[in-house]
Amino acid sequence: MANERPRPLVAGNWKMNGLRASSEVLSEIMAGYGAGLRNRADLLVCPPATLVAALAGAAKGAVGVGGQDCHAKASGAHTGDISAEMLADAGASHVIVGHSERRADHGETDAVVRAKAEAARRAGLVAIVCVGETQAQREAGETLTVVASQLRGSIPAGAMAADLVVAYEPVWAIGTGLTPTAADVAEVHALIRTELGTLVGEAEAGRVRVLYGGSVKPSNAAELMAVANVDGALVGGASLVAADFLGIARVYGA
Ligand SMILES: O=C[C@H](O)COP(=O)(O)O
């Protein structure tokens, strides 16, 4: 079972970008999501929370729609926050948790990220748990220990491949145009697969989709997606342009 390669997932994280007119990007993605690609890979778009319901309505399940964050609790006095249940109610299928921008801007710890991933599961969403080292940590030779520690702290006990995706995003590669070498990506993704084996069991670990994120573009997608244990991409900037997002996804099929 662990030998079966998971079906790839190409996910777009729009971050704090997008107005109602941006639904046009989704329309273009759907128009370009032909059978050759549809048979081989899943697509997901994670717009700002203001657009989740509209895009989920327009996507009609053909392309997944996800949130970018959720609160750990289902409801309550948490001004400005959005629960996993609310995202599910709006039509989301996934939610990103623990993105390095949330960890840095909002002080989110591994424990907070795990609580959010548990909330996603409670609400019937797939949690996309993000991990990755900073430039200083890479230069200090700490990449593998940092990523392993984040995984152990952020993955909920009893997580299953059906409710978990892991995204490896080196912080220094996000939005910079820099990417790790294929060998570096392979080393970290192999570690993630091994750690998942310990955390969720070998059989489940083999089915969890492990994405690479950080300056993925149509020009480098083929090389990055060909790396062992890379089951797709979490795309930031390039996901805002349908042609670029599709250009990345099409490494899996026309
Ligand atoms: O969630 C997506 C990542 O942070 C990657 O962003 P980027 O593709 O703009 O480097």
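The structure is a predicted model, in which local features need pLDDT of at least 70 and side-chain atom pairs count only at pLDDT 80 or more, whereas totals for chains, interfaces and linings use all residues. Residues are numbered from 1 along each chain as its sequence is written.

The strands β1-β2-β3-β4-β5-β6-β7-β8 form, in this order, a closed barrel of eight strands with parallel pairing. On average, and with direction ignored, neighbouring strands of this sheet are turned by 25° against each other. Helices (H or I, at least four residues) and strands (E, at least two) are DSSP runs, numbered from the N terminus; two strands are taken to pair if DSSP finds at least two bridges between them. Axes are lines fitted to C-alpha atoms, for helices over the stretch in contact, and angles run from 0 to 180 degrees between N-to-C directions. Strand β3 (residues 64-67) pairs with β4 in the parallel sense over two bridges, and Gly66 has His94 as its bridge partner in β4. Helix α8 (residues 143-154) packs on the sheet, where it touches β5 (126-131) and β6, and its direction makes about 150° with that of β5. For residues, contact is assigned if the C-beta atoms, placed from the backbone, lie within 7 Å.

Strand β7 (residues 209-213) is largely enclosed by the rest of the structure, because five of its five residues are buried. A residue is classed as buried if 20 or more other C-beta atoms lie within 10 Å of its own, as exposed if 12 or fewer do, and as partly exposed in between, with C-beta atoms placed from the backbone. In general, side chains in a regular strand alternate between the two faces of the sheet. Both faces of β7 are covered, with Arg209, Leu211 and Gly213 buried on one side and Val210 and Tyr212 buried on the other. Four bridges join β7 to β6, and the two strands run parallel; Ala167 has Leu211 as its bridge partner in β7. β7 also pairs with β8 in the parallel sense over two bridges, and the bridge partner of Gly213 in β8 is Leu234. From β7 the chain crosses through helix α11 (residues 218-225) to β8 in a right-handed β-α-β crossover, that is, with the strands pointing away from the viewer, the path from the first strand over the helix to the second runs clockwise.

An unreviewed UniProt entry places the feature "active site" at His99 and Glu169. These two positions are spread over 71 residues of sequence but cluster in space, the largest C-alpha distance being 8.4 Å. UniProt positions are given in the numbering used here, feature names are shortened, and annotations may be inferred rather than shown by experiment. His99 lies in the loop between β4 (94-97) and α5 (100-105) and is buried, because 28 other C-beta atoms lie within 10 Å. Glu169 lies in the loop between β6 (164-168) and α9 (182-200) and is likewise buried, with 24 other C-beta atoms within 10 Å. Not counting residues up to four places away in sequence, the contacts of Glu169 include Ser100, Gly213 and Leu234.

Two further loop residues were examined. Ile82, in the loop between β3 and α4 (84-89), is partly exposed, with 18 other C-beta atoms within 10 Å. Val241, in the loop between β8 (232-235) and α12 (242-249), is partly exposed, with 15 other C-beta atoms within 10 Å.

Terms used. Contact = placed C-beta atoms within 7 Å.
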